[in-house]
Amino acid sequence: MSTALLALIALVQGAFLMMLLVLVGVGRWLGVYRGRRRCKQRERVGHAAQNWLAGGASSKALRRTVDSGSFAAAAEFLTTFGARRGGDEWERLAAEIQQTSWFRTLCRHASSPFWWRRLGAARLLAKLASSDQTAIALALLADPRPPVRVAAAEIVARVPSRELMEELYEFASSTGAVVRGHLLELLAKNRAVLEEMLIERLASDRDRASFTTALELAGQIGVPSLLPVILPYAEAEDLEVRIATARALSSFPHPRSGAALMKLLGDAHWEARAVAASSLGAIGAIEAIDTLRGALEDPSWWVRLRGAVSLRVLGPVGIQVLESVGPEADSYAYDMATYVLRLSDSAVLEFVTRSISSDAAAAADRAA
């Protein structure tokens, strides 16, 4: 290879390295410039919003300021401001923002072909939406991207329409346990609409996932009018429905609930017996003392544990029953009673309030 060729290669490599360094420098400079510009625009929007809320600026001036800056700057300000402020101040500002061109752009982003724009739109609409955006919220809840759907679920807090809650309910029925728990919490906040919806669902649903979701929601809101609707399912043929019913009844401290749960303590499946034993303690069913005493001799470790914890929760009468269990009658019952009596109050509370998944319970039972 000639010296001239080697020199040419070195020259080309040097030029390429120089261009790369220039591009990196220009990129960093542009990043800093855009960041500072966005920061200034965000501060300008914030200043205009504060002035408007204080009565020192007109609505026209606020809208002009929001529309004149970048979309991202206004979005950043509203996200931060919405997290700090609430109540009438935020509702007034949100109503005014809905009249801007910026908000119309946000609504267009909700149908963007780019999923990250739809995600951003869902997050902002959860803070700004009104009943006029119900159709947009429904479209976002049907989005093929799960993160977009989860973000759109938050819109129900601002738009508690029956149609939107029905869609959110279907989403909760078909997703995993962690996401479902979050969605059910959102639904449970709208009890007025949810109560009527659940009564209809419990009377008509035949899909197991949807039906057990309705029972779980009924247990979360604990509205007395739902008790007569729930009770018949304590004798359902489907094991999952009986378990969901037993768990839901833990929110209904009533003699009829206690009677149904005591009957479930005789269920052929240990999973139903374990949940029933736990629920009896949750509703303070003193009349179930003798039945729970019998649960201490159940073949399943989980049933014995739940029965003993419920006896402990029932107070002095239940504690007296646990202390009366001796090793001569049933060593398993004695061991469980001794174990639960030695638990701290916080540990007992954790046992009462924490729900146990079927998989975890099954694994523990097989290990026992």
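Guide: Contact here means that heavy atoms lie within 4.5 Å. The model is predicted, so local features need pLDDT of at least 70 and side-chain atom pairs count only at pLDDT 80 or more, while totals for chains, interfaces and linings use all residues. Residues are numbered from 1 along each chain as its sequence is written, and side-chain values use heavy atoms, with hydrogens and water left out.

Visitor: Is methionine 165 buried or exposed?
Guide: Methionine 165 is part of helix 9; helices are DSSP runs (H or I, at least four residues) numbered from the N terminus. Buried means under 20% relative accessible area, exposed over 50%, and partly exposed in between (1.4 Å probe, protein chains only). Because its relative accessible area is 0%, methionine 165 is buried.

Visitor: Which residues does methionine 165 touch, not counting residues up to four places away in sequence?
Guide: One of them is leucine 187, which is 22 residues from methionine 165 along the chain, with 6.8 Å between their C-alpha atoms.

Visitor: Which helices do the buried residues of helix 7 pack against?
Guide: Helix 7 covers residues 134–141, and its buried residues are Thr134, Ala137, Leu138, Leu140 and Leu141. They are on the same side of helix 7 because they cover an arc of only 160° around the axis, the arc being that of the directions from the helix axis to the C-beta atoms. The helices they pack against are helix 6, helix 8 (146–153) and helix 9 (162–173).

Visitor: How far is the backbone nitrogen of phenylalanine 114 from a polar atom of the side chain of serine 112?
Guide: Serine 112 sits in the loop between helix 5 and helix 6, and counts as buried because its relative accessibility is 9%. Apart from neighbours within four places in sequence, serine 112 is in contact with Arg117 and Arg118. From its side-chain polar atom to the backbone nitrogen of phenylalanine 114, the distance is 3.1 Å.

Visitor: Which residue has a backbone nitrogen that the side chain of aspartate 298 reaches at 2.8 Å?
Guide: Aspartate 298 is placed in the loop between helix 17 (289–295) and helix 18 (301–313). Its relative accessibility is 11%, so aspartate 298 counts as buried. Not counting residues up to four places away in sequence, aspartate 298 touches Arg273, Val303 and Arg304. The backbone nitrogen that its side chain reaches at 2.8 Å belongs to serine 300.

Definitions and conventions:
Helices (H or I, at least four residues) and strands (E, at least two) are DSSP runs, numbered from the N terminus. A polar contact is a pair of N or O atoms within 3.5 Å; within protein, one must be able to donate a hydrogen and the other to accept it, and residues adjacent in sequence count only if both atoms are side-chain atoms.
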